[in-house]
Amino acid sequence: MRAFVVVVEEGSLSAAARRLHVSQPALSQSMNALERQLGVQLLKRRSTGVLATEAGMTLLAEARAVLSRHDQALAAVSRHATPEESALRLGIPLELPTDLLTQPIADLTAAYPRTRVLARHMSTAAQFAALRSDEIDVGLVREHPIGHDLDAVLAVEEHLGVLLASDQAAKLARPDGIRLDALVGLDWVGFPRDGSPAWYDELTATLRSHGIDLGPPAPAGQELIADVKIAAVAAGGTFALAPPNWSQPLPESITWSPLAGHPLVRRTWAAWPASSHRRDVGRLVAALDCRCPAAPRDSARRQ
């Protein structure tokens, strides 16, 4: 029923399969089996997608009611969980979008009132280790986990822009943003590779391909906090990367600008142990599952 509802909402088997994280053939077989079981046609297949038949619309209304009652029953039972079972340990990176967790945690709290979210700032590498050693239940990581022991869904994509001294930004600015190769000759305020190796390699490969000299690597274990970025850029001769709508206030001497062509996209995944059967973890992960394309180009905040 849940899969059927998603198919009707998406209007496409392929889009529904992506949302449900199953293959399209498997989903199509499930819909065919459901129609055979009920003895009616539920979906009209067209080249542009699928539409619910009259019987399908009837099932849609009933399915939503059944699923709502199902979720209410689970939430009611979850209130009897012991206090030890009600802590959801969450790993988060630096520079997480301020509104990313607000609604998912509100939804989680409504469904599981006794679940408390305990958040810890951790690098991606540290979160992977903590997930595998049962120290956290969900991690928000900057690279997709490798292997079959962890599952992941894309939570958010951010087009990174550049922080520059304001006078430098004024010289380099173009109508569509600052070209990445215009930063040649400036020092990059970077983060250490050990915190997120795959993301570091992807990012630095793009910088090098545009002629940027990365300079000496940042010391292992050193976190690149916002205050360090701002201080380094204010000193001149450097640039740092930051997402649109960065929550950190910027002084007048520093400007955030978009990069022309948006060559740097930072992705954050929600990862959790594949063996986990916790329904509160599933609820949070489902709420974090990205339903939209990368951040819009006009959403950058300039200061």
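Reader: Why is Glu 95 called buried?

Author: Its relative accessible area is 17%, and buried means under 20%, so Glu 95 counts as buried. Keep in mind that this is a predicted model. As for where to look, Glu 95 is in the loop between strand 3 (87-92) and helix 5 (102-111).

Reader: Is His 262 buried or exposed, and how do you know?

Author: His 262 comes out at 15% relative accessibility. The cut-off for buried is under 20%, so His 262 goes down as buried.

Reader: What about Thr 255, and where is it?

Author: Thr 255 sits in strand 10 (residues 254-257). Its relative accessible area is 15%, and with buried meaning under 20%, Thr 255 is therefore buried.

Reader: What makes the pair Thr 255 and Ser 166 a polar contact?

Author: Their side chains come to 2.9 Å. A polar contact needs a pair of N or O atoms within 3.5 Å, one able to donate a hydrogen and the other to accept it, so the side chains of Thr 255 and Ser 166 qualify.

Reader: How do you know whether Glu 35 is buried or exposed?

Author: Glu 35, in helix 3, has 12% relative accessibility. Buried means under 20%, so Glu 35 counts as buried.

Reader: What does the side chain of Glu 35 have close to one of its polar atoms?

Author: The backbone nitrogen of Leu 43, at 3.1 Å. Setting aside neighbours within four places in sequence, Glu 35 is in contact with Val 40, Gln 41, Leu 42, Leu 43 and Arg 45.

Reader: Why is helix 2 called roughly perpendicular to helix 3?

Author: The axes of helix 2 (residues 13-20) and helix 3 (residues 24-38) cross at roughly 105° and come within 9 Å. Angles from 65 to 115 degrees count as roughly perpendicular, so that's the label for helix 2 and helix 3.

Reader: Which residues meet there, and what kinds are they?

Author: From helix 2 you have Leu 13, Ser 14, Ala 16, Ala 17 and Leu 20, and from helix 3 they meet Gln 24, Leu 27, Ser 28 and Met 31. The residues of this contact split into six nonpolar, three polar and no charged.

Reader: Which residues of helix 2 are buried, and what do they pack against?

Author: Leu 13, Ala 15, Ala 16 and Ala 17 are buried in helix 2. The buried residues of helix 2 pack against helix 1 (2-10), helix 3 and strand 2 (49-52).

Reader: Why is Arg 64 called partly exposed?

Author: Arg 64 is in helix 4 (residues 54-78), with a relative accessible area of 42%. Buried is under 20%, exposed is over 50%, and partly exposed is in between, so Arg 64 is partly exposed.

Reader: Which residues does Arg 64 touch, apart from its sequence neighbours?

Author: Leaving out neighbours within four places in sequence, Arg 64 is in contact with Val 5 and Glu 9. Val 5 is 59 residues away in sequence, but the C-alpha atoms of Arg 64 and Val 5 are 7.3 Å apart. With Glu 9, the side chain of Arg 64 makes a polar contact to the side chain, at 3.2 Å.

Reader: What makes Val 77 exposed?

Author: Val 77, also in helix 4, has 57% relative accessibility. Exposed means over 50%, so Val 77 counts as exposed.

Reader: What is the whole chain like?

Author: The protein chain has 10 helices and 11 strands. The C-alpha trace spans about 70 × 50 × 35 Å along its principal axes. Of the 303 residues in the chain, 44% are buried. The chain exposes about 15,800 Å², with carbon and sulfur atoms supplying 54% of it.

Methods. Residues are numbered from 1 along each chain as its sequence is written. This is a predicted model: local features need pLDDT of at least 70, side-chain atom pairs count only at pLDDT 80 or more; totals for chains, interfaces and linings use all residues. Side-chain values use heavy atoms; hydrogens and water are left out. Axes are lines fitted to C-alpha atoms, for helices over the stretch in contact, and angles run from 0 to 180 degrees between N-to-C directions. Helices (H or I, at least four residues) and strands (E, at least two) are DSSP runs, numbered from the N terminus. Angles under 35 degrees count as roughly parallel, over 145 as roughly antiparallel, 65 to 115 as roughly perpendicular and the rest as oblique. Contact means heavy atoms within 4.5 Å. Ala, Val, Leu, Ile, Met, Phe, Trp, Tyr, Cys and Pro count as nonpolar, Asp, Glu, Lys and Arg as charged, and the others, Gly among them, as polar. Buried means under 20% relative accessible area, exposed over 50%, partly exposed in between (1.4 Å probe, protein chains only). Accessible areas come from the Shrake-Rupley method with a 1.4 Å probe; for residues, only the protein chains shown count as cover.
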